[in-house]
Amino acid sequence: MRQIVLDTETTGLEPAQGHRIIEIGCVEILNRKLTGNHFHTYLNPERDIDAEAVKVHGLSRDFLADKPRFAQVAQRFLDFVTGAELVIHNAAFDVGFLNHELRRWNPALPELAAHCPILDTLLLARKKHPGQRNNLDALCKRYGVDNRHRDLHGALLDAEILAEVYLAMTGGQTLLVLEPESEPDTPATHATATPLNLQPRAPRPGDHPRLKVVRCTETELEAHAARLAEIAKAAGGRCLWQGEG
């Protein structure tokens with residue numbers, strides 16, 4: 001299973017107001033393992049960047065002036081992500097911007113969801129942790145993912161962090177299989193664990209050993225009867241097992 005963890009940085013909050021993507025960061029997960037393969041680019045938005053947005057990501061128009069336009073990287077981006085499942089935190093925001101950029105590049109293209117299934121980790125986190133904070137920083141703290149180097153938002157950095165959070169959040173139980181032909185034991189991690197798939201089945205003969213029945217000896221039975229007689233005498237004959245009281 002191939003997944004692409006994706007994040008973007010933008011000039012502002014609304015593509016409908018003409019805001020553009022200025023950074024795309026993607027990291028690849030293959031069969032729940034980070035491969036080290038990634039897609040990353042800064043983009044020239046050909047417009048000013050909102051001051052509040054600069055405070056978030058620190059990217060200025062001067063820095064982006066010599067970077068490629070989206071149209072120059074669009075095909076390379078689609079080639080990288082097509083067919084994989086996209087894993088995005090607050091996917092509506094990033095996907096909205098990406099669809100806007102794709103329409104500008106080629107109005108005949110279908111939306112991104114036609115190229116890739118999309119998993120929103122914010123919705124997943126809200127389902128797992130209702131009523132709690134579920135932004136990326138809160139999830140890092142909850143799952144023990146180190147994000148101390150995240151002074152500013154960055155698309156590639158945030159995608160790398162989100163990948164670790166996603167793997168930790170979806171690790172679940174693992175199945176330990178002990179078979180003669182298996183490889184030597186290796187420490188399990190959240191990235192390599194095999195999901196546990198429990199399939200109920202009817203019990204079969206031999207599933208459980210037959211219980212051993214240990215019967216009392218005559219001496220033990222006599223001692224038991226004597227003890228019950230002592231208890232009955234002390235209770236004045238009001239004992240439940242004698243049918244009284």
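Predicted model: local features only at pLDDT ≥ 70, side-chain atom pairs only at ≥ 80, totals over all residues.
## Helices, strands and the overall chain

Of the 245 residues of the chain, 36% count as buried. Among the contacts with a separation of 6 or more, 64% are accounted for by residues 24 or more positions apart.

His-129 is found in the loop between helix 5, which covers residues 121-128, and helix 6, which covers residues 136-143. Because its relative accessible area is 13%, and buried means under 20%, His-129 counts as buried.

If residues up to four places away in sequence are left out, His-129 touches Asn-134, Leu-139, Arg-142 and Tyr-143. With Tyr-143 there is also a polar contact, in which the side chains of His-129 and Tyr-143 come to 2.6 Å.

In soluble globular proteins, nonpolar side chains tend to be buried together. In this model the largest nonpolar core has 24 residues, of which Ile-24, Cys-26, Phe-77, Val-81 and Leu-112 touch the most other members. Two or more residues of this core come from each of strand 1 (2-10), strand 2 (21-30), helix 3 (70-81), strand 4 (85-88) and helix 4 (91-105), and helix 3 gives the most, with 7 residues.

A search of the whole structure finds 0 disulfides. Cys-116, for example, is in no disulfide, and the nearest cysteine sulfur, which belongs to Cys-26, is 9.4 Å away; a disulfide would need the two sulfur atoms to be within 2.5 Å.

Cys-116 counts as buried because its relative accessibility is 1%, and Cys-140 likewise counts as buried at a relative accessibility of 1%.

## Two residues with positive phi

Arg-32 is not a glycine, and yet it has a positive phi of about 65 degrees. Arg-32 is found in the loop between strand 2 and strand 3, the latter covering residues 33-42, and at 15% relative accessibility it counts as buried.

Asn-90, which is not a glycine either, has a positive phi of about 60 degrees, and its place is in the loop between strand 4 and helix 4. With a relative accessible area of 34%, Asn-90 is partly exposed.

## The largest pocket

Rolling a probe the size of a water molecule over the atoms shows where empty space is left. The largest pocket has a volume of about 630 Å³, and it is lined by 27 residues, of which Thr-8, Glu-9, Val-56, Phe-93 and His-153 lie nearest its centre.

At least two residues of this lining are supplied by each of strand 1, helix 1 (51-57), helix 4, helix 6 and helix 7 (155-169). Strand 1 gives the most to the lining of the largest pocket, with 5 residues.

Definitions and conventions: Residues numbered from 1 in each chain as written. Heavy atoms only, no water. Helix = DSSP H or I, 4+ residues; strand = E, 2+ residues; numbered from the N terminus. Buried < 20%, exposed > 50% of the residue type's maximum accessible area, 1.4 Å probe, protein only. Polar contact = N/O pair within 3.5 Å; in protein donor to acceptor, adjacent residues only side chain to side chain. Contact = heavy atoms within 4.5 Å. Core = buried A, V, L, I, M, F, W, Y, C linked by side-chain atoms within 4.5 Å. 1 Å grid on protein atoms, 1.4 Å probe; cavity = no way out; pocket = protein on both sides within 12 Å on 5 of 7 lines; lining within 4 Å. Points joined across faces, edges and corners; volume = space filled by probe spheres on them.
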